[in-house]
Amino acid sequence: MSDAVLRKEAGVTLAPVFRSAEGLRLLLEGGVLDRLAPALAIQRAAVASVDADLPLVIPPDWILERAELSDPEALQTWFFLTLFISVFDALGVPPERLRFYAEVDYCIQGTIVAADDLFDGEGKGLLPLKTQGPTFSGILQLMCFERLMSRAGRRAVDQGLCSADDFDGLQRDLLAEMASIGKLEGSEEGGVDTVLTPEVMLEAVHAVRGGQLFGLSLAAVRRLETDLKPGGLERASLGLVTLGTAFQVVDDLTDFEHDLKRGSHNLLESWVHHRGTPSERAVLARLRAGAPAPPKLVEDHFGTSARAVLDEARELVRQAFAHLRALGFAFSDELADRVVLSIAGLEGTARMQRLAATTHALA
């Protein structure tokens, strides 16, 4: 895998996954790539369509050439988008609309990543644009994706896949949902004063920041599809929302230091605060007082609580996979456990593997 691909970590809750050697083996030997190959082909075509529109919304001299991705690299980069398309297919969505939904969800992801960049001062946008400075990059990505989404909608209307009124309604639905998610992010801009209990945090934070985010993928399907398998949409929604919640739990483990520094909600901090060992709580108190974070902070000082949080993520992924199995996906509990260790960037995956290999608290 090229260095350019490895550097292109895209966002928080929909970041490229399966980056480690173990994650890549899971894709290839665990049958995940084979299972998702048809949906991956659709997602590739959708990204190509959006890329082809890009010179129509911004002059070509702003655009960098996008590196060609192998199938494993493409699935790493677009895993969740590809999974969404596969779920839609299992629901009975007509093939002619799957491509449109793949374009819509890619534009949703790009919008969320750009907004996340603005919140975090990072520049991880999806579009291959020549920009300098994370704030400017995020703003330009947002403006481009707004126009690219409109072009995808006009193309769908021209092809008879939806009406103009349907697409206008979809855009309103998406903005309302994004605003709801963004409200949570905005509430943390000055830091949070209260450490919620793990149960409350999972429902009030993770089910929104992760679960509701994944639920955005179904917005177009909800509005446009009228002849799906009975109960399938509800089952798919439960599966994807639960999976998104699990992914946010994993993200809290990998981004613990960053969340603690900016004062945002974090499930590991909550677990240590409310249920941690005396030594864990003492370390957390020193960090809150301004002490620097030592290397391998989570593994070496919060091992007991971190493994409990990791178990929570495992259980959520098992629940998500159970819902997806009801739609015809052959995703086992064993695969669920392996996925938990792989749905993170490179550094995060190493942390997950160290936690999973540790049997005793090091705190």
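**Rings, helices and cysteines**

Modeller: Phe79, Phe80, Phe84, Phe214 and Phe247 make up one aromatic cluster. Keep in mind that this is a predicted model.

Colleague: How many aromatic pairs does the structure hold?

Modeller: It holds eleven aromatic pairs. One of them joins phenylalanine 79 and phenylalanine 80: the ring centres are 5.1 Å apart and the planes lie at 75°, so this pair is edge-to-face.

Colleague: Are phenylalanine 79 and phenylalanine 80 buried or exposed?

Modeller: Both phenylalanine 79 and phenylalanine 80 are buried.

Colleague: What about phenylalanine 88 and tyrosine 101, how are those rings arranged?

Modeller: Phenylalanine 88 and tyrosine 101 are an edge-to-face pair too, with 6.0 Å from centre to centre and 90° between the planes. Phenylalanine 88 sits in helix H5 (residues 79-91) and tyrosine 101 in helix H6 (residues 95-120), so the pair links distant parts of the chain, 13 residues apart. Both phenylalanine 88 and tyrosine 101 are buried.

Colleague: Changing topic to helix packing. At what angle do H9 and H11 cross?

Modeller: Roughly 120°, with the axes of H9 (residues 198-215) and H11 (residues 232-254) coming within 7 Å.

Colleague: Left-handed or right-handed?

Modeller: The H9 and H11 crossing is right-handed.

Colleague: Which residues make the contact?

Modeller: On H9 they are Leu202, His206, Ala207, Arg209, Gly210, Gly211, Phe214 and Gly215. H11 contributes Leu240, Val241, Leu243, Gly244, Thr245, Phe247, Gln248, Val249 and Asp252. Phe214 and Phe247 also belong to the aromatic cluster.

Colleague: And how many of the contact residues are nonpolar, polar and charged?

Modeller: For H9 with H11, eight are nonpolar, seven polar and two charged.

Colleague: Last topic, cysteines. How many disulfides are there?

Modeller: The count is zero.

Colleague: Are cysteine 107 and cysteine 144 buried or exposed?

Modeller: Cysteine 107 is buried, at a relative accessible area of 0%. Cysteine 144 has 3% relative accessibility and counts as buried.

How values were computed. Residues are numbered from 1 along each chain as its sequence is written. This is a predicted model: local features need pLDDT of at least 70, side-chain atom pairs count only at pLDDT 80 or more; totals for chains, interfaces and linings use all residues. Side-chain values use heavy atoms; hydrogens and water are left out. Axes are lines fitted to C-alpha atoms, for helices over the stretch in contact, and angles run from 0 to 180 degrees between N-to-C directions. Helices (H or I, at least four residues) and strands (E, at least two) are DSSP runs, numbered from the N terminus. A crossing is left-handed if the near helix is turned anticlockwise from the far one by less than a right angle, and right-handed if clockwise. Contact means heavy atoms within 4.5 Å. Ala, Val, Leu, Ile, Met, Phe, Trp, Tyr, Cys and Pro count as nonpolar, Asp, Glu, Lys and Arg as charged, and the others, Gly among them, as polar. A disulfide is a pair of cysteine sulfur atoms within 2.5 Å. Buried means under 20% relative accessible area, exposed over 50%, partly exposed in between (1.4 Å probe, protein chains only). Rings of Phe, Tyr and Trp (its six-membered ring) pair if their centres lie within 6.5 Å; planes under 30 degrees apart count as stacked, over 60 as edge-to-face and the rest as tilted.
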